[in-house]
Amino acid sequence: MDNADILINDEIRGFLNFEFSNQYMLFLRNCDGLNVSDKSFKVLKLDNYRITLEEEL
């Protein structure tokens with residue numbers, strides 16, 4: 001979800017935090033109100049028209 005920090009409200013943040021059967025990819029600048037760990041963050045890489053998600057160093 002692009003611009004997630006603008007589009008989601010407190011009710012949706014609660015759903016994202018406590019609905020463990022779903023996984024989401026959020027593109028946001030502010031993670032306030034979301035239960036995220038350091039393992040939650042990935043770097044989007046583009047190499048020769050191939051997009052991958054990699055662990056941050």
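Strand β1 and strand β2 (residues 50-55) pair in the antiparallel sense over six bridges, where pairing requires that DSSP finds at least two bridges between two strands. The strands themselves are DSSP runs (E, at least two residues), as helices are (H or I, at least four), numbered from the N terminus. The model is predicted, so local features need pLDDT of at least 70 and side-chain atom pairs pLDDT 80 or more, while totals for chains, interfaces and linings use all residues. Residues are numbered from 1 along each chain as its sequence is written, and side-chain values use heavy atoms, with hydrogens and water left out.

β1 and β2 form a hairpin with two residues between them, and N48 in the turn has a positive phi of about 55°. The bridge partner of K42 in β2 is E55. The side chains of E55 and K42 also meet in a salt bridge, at 2.6 Å from N to O; the term denotes a side-chain nitrogen of Lys or Arg within 4 Å of a carboxyl oxygen of Asp or Glu. Because E55 lies in strand β2 and K42 in strand β1, the pair ties together parts that are 13 residues apart in sequence. The whole structure holds two salt bridges.

M25, F27, L44, L46, I51 and L53 make a nonpolar surface patch of about 620 Å². Such a patch joins nonpolar side chains (Val, Leu, Ile, Met, Phe, Trp, Tyr) within 5 Å, from residues with over 30% relative accessible area and no salt bridge; the areas come from the Shrake-Rupley method with a 1.4 Å probe, and only the protein chains shown count as cover for residues. β1 and β2 each supply at least two residues of this patch, whereas F27 is found in the loop between α2 and β1.

Definitions and conventions: Patch = residues over 30% accessible without salt bridge, like charges linked within 9 Å, V, L, I, M, F, W, Y side chains within 5 Å.
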